[in-house]
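Work through the exercises below with the sequence and the model at hand. Try each task before reading its solution.

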Amino acid sequence: MKGVVSVRESKARKPYSLHTTRSWSFMDLKQPLNNHNHGLLSRANYGQDVIVGIFDTGVWPESKSFSDEGMKPVPARWKGICQNGTAFNSSTCNRKIIGARYYLNGYQGAFGPLDESQDIKSARDKDGHGTHLASIIAGRTVPNVTGYGGFAGGTASGGAPLARLAIYKVCWVWPGSSYESGNYCDDLDITKAFDDAIGDGVDVISFSFGFDVAQTFVRDKSAIGSLHALKKNIVVVSSAGNTGPDHQTLTNVAPWLITVGASHIDRTFPAPLLLADGTKVQGQSITPVQMDNNFHSLVLASDVEKPTTSKTDSGYCLDGSLEAEKVKGKIVLCLRGKGTPLHQGLEVRNNGGVGFILGNDPDHGNDIACESNQIPSTGVTFEDTKKLIHYIRTTKDAKARILPGQTTLNSKPAPTVTSFSGRGPNPIDPNFIKPDIIAPGSQILGAWTEKDGPTRNSKGGDRRKTEYNIMSGTSVATPHVAAAAVLLKAIHPTWSAAAVKSALMTTASTTDNTGNPMMDQSGKPATPLAMGSGHLQPVKAADPGLVYNSSYEDYVLYTCGLGQTHAMNMPYKCPVSVPEPVNLNYPSIQIHKLNGTKTFTRRVTNVGRSNSTYTFNSESPKEYTITASPDVLKFDHVGQELSFNITITVVSWNYPTKYDPDFYYFGSYTWTDKEFVVRSPVAVSFP
């Protein structure tokens, strides 16, 4: 039939899962709404009339973050609807939330009719996740807000506070589970949402779900849907996943997507642990429940477990593992790495414990998890965990006190890469680096639903309510980049989706607020496999100088080079001769198992000054060199496109002591004129 691109049978399989007050000012986007200077927000008119489609768990429309006070009428080009449903009708939308739809066919095909005691049969959000993300992108300015317990207080605002929101509810609660256990997002529903969003007229799509591991583009319906969106020049932003820090743990790796990892910003929540000998161990917590002023016995979970606990599960405070008689009245140190901090804390509380300490394992290093637990708690680094274990082992009747948590700003170093953020190398196509960029994704405040508590575990007994909540994940980082894309679309409405992506990537920062290279959770310098091109800098992205442009046809030819066009059911006949996938005009380069020399072709378009000259510079390890031909680019007008070749040549490989096929050496190259620095990361592995 006319208008049908392809027909594919839905198959039961593991589905997609879901992956503020400080973050925007941390990235220098802090201009008040009534300040009409020449800052980025004023230039972008605060994102006014740019339409963002959010694929998630819906929205809580009554939140102050979604007020339409003072906003202009809905853009005439908008073709979407405000779908009627339970506790949501056409009048629920306004000039801020201009459209809302929900999708159940795939979900109900898998599980049968929706249990409406668990979720709401409409675009209304019972979970909170979708509401939180929508407010980060386009929430209005709301003063004097805090998370539950008074943490992270300040004025909340989205990055593009006058942008319009279109809600596409595609993710639902797992039957019989609480929201903190995860959500079900069916590919049938996702595909239909893409189809509707494209027809409705959105400018940007943000989605924060994906498989646990990256899938081929043929199997990944969000990759196929986003390629169709790109044909209409829609920027699509997605999350890298939360299964780091191991290699090849990221998802959403299609080159036409902007794949976003997560960072810590300079806001912390110190909640020290005071030992009876006077030593203070610095922890972090957003737990509002405070301990009394007394010292309590401090024990290891492995010493208060049931004898039936297996060796592999020992020390983690997993459900049903602790012995109440041994736990009662004590503070328990539980190891991180199995279970979830929420359930570990509940296991201690339910067995009579008075305090819970989450001790990091080596993988999490300095990356402390903060939860709004229902028991006094704090989290500590791996090094401090070792010190606490030593203290408990060598001290007769070890005792401690958990001090109340606070909110502090300007901590250093920041940003750093979170441990959970999905890592490369790209497992589907080793020709370019993923993630593309990182953005604030740890302990971020956003609007919340009135139907669930701060831990998303009302089914498990959390009856607390809050209007704003603190969340972490690459799902939280993604809307920061989506909001930046909104601002760039507002300033540069004729730019392609690839140009927006390029601007965000080539202007990203690789240093922290101490001026040193950005670190990961281990305290070592972060690599492009963790941070991509670097940390989001929206102000600089508005004026990148040069951009790497690609069209829909370029991406389809790329799928031809991979031999996936037919399997993706793309209505395109590949030519006999197609370009190598390595020559996709991408702002980063990754080479797997380089032996000798490899040359790439790239094109850049001048979006800076009319008459400008850019010179080439590179940084590379001693193992290889990076050169360009030509090494000077001269532009005489805006919009001019010039090509160049990048050649990477092996000098000699310094093999690591232990063979690792995912061991990469990192470099970069830049094009620089008097005003702009256009940077691209490079990752190369040995054969």
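The model is predicted: local features need pLDDT of at least 70, side-chain atom pairs count only at pLDDT 80 or more, and totals for chains, interfaces and linings use all residues. Residues are numbered from 1 along each chain as its sequence is written, and side-chain values use heavy atoms, with hydrogens and water left out.

**Exercise 1. The whole chain**

Task: State how many helices and strands the protein chain has, and compare its radius of gyration with that of a compact globule.

Solution: The protein chain has 14 helices and 32 strands. Helices (H or I, at least four residues) and strands (E, at least two) are DSSP runs, numbered from the N terminus. Next, take the extent: the C-alpha trace spans about 75 × 65 × 55 Å along its principal axes. Last, the radius of gyration is taken over C-alpha atoms, and the globule rule is 2.2 Å times the number of residues to the power 0.38. For 687 residues a compact globule would have a value near 26 Å, and the 25 Å of the protein chain agrees with that.

**Exercise 2. A sheet of five strands**

Task: Give the strand order of the open sheet with five strands and name its edge strands.

Solution: The order is S25-S32-S31-S27-S29, and the pairing is mixed. Two strands pair if DSSP finds at least two bridges between them. Strand S25 (589-591) and strand S29 (632-635) each pair on one side only, which makes them the edge strands. On average, neighbouring strands of this sheet are turned by 20 degrees against each other, direction ignored. Now look at one pair: S25 and strand S32 (residues 677-685) run parallel and are joined by three bridges. Gln590 has Ala683 in S32 as its bridge partner.

**Exercise 3. A sheet of seven strands**

Task: Give the strand order of the open sheet with seven strands, then find which strands helix H8 touches.

Solution: This sheet has the order S14-S13-S19-S15-S16-S17-S18 and mixed pairing. Its edge strands are strand S14 (280-281) and strand S18 (377-380). Strand S16 (residues 331-335) pairs with strand S17 (residues 355-359) in the parallel sense over five bridges. Within this pair, Leu333 has Ile357 in S17 as its bridge partner. Helix H8 (residues 341-350) packs on the sheet and touches S16 and S17, and its direction makes about 145 degrees with that of S17. Contact means heavy atoms within 4.5 Å.

**Exercise 4. Helix H10 and two partners**

Task: Describe how helix H10 crosses H4 and H11.

Solution: Axes are lines fitted to C-alpha atoms, for helices over the stretch in contact, and angles run from 0 to 180 degrees between N-to-C directions. The axes of helix H4 (residues 129-138) and helix H10 (residues 474-491) come within 8 Å and cross at roughly 30 degrees. H4 is therefore roughly parallel to H10. Angles under 35 degrees count as roughly parallel, over 145 as roughly antiparallel, 65 to 115 as roughly perpendicular and the rest as oblique. The contact residues include His129 and Leu133 of H4, and Pro479 and Ala483 of H10. They divide into seven nonpolar, four polar and no charged. Here Ala, Val, Leu, Ile, Met, Phe, Trp, Tyr, Cys and Pro count as nonpolar, Asp, Glu, Lys and Arg as charged, and the others, Gly among them, as polar.

For the second pair, the axes of H10 and helix H11 (residues 497-506) come within 10 Å and cross at roughly 120 degrees. H10 and H11 are therefore oblique to each other. Val481, Ala484, Ala485, Leu488 and Lys489 in H10 meet Val500, Ala503 and Leu504 in H11. This contact has seven nonpolar residues, no polar and one charged.

**Exercise 5. Backbone details**

Task: Locate the cis peptide bond that ends at Pro425 and the one that ends at Pro630.

Solution: The bond from Gly424 to Pro425 is cis, with omega near 5 degrees. Pro425 is in the loop between strand S20 (416-417) and strand S21 (437-440). The bond joining Ser629 and Pro630 is cis too, with omega about -5 degrees. Pro630 lies in the loop between strand S28 (624-629) and S29.
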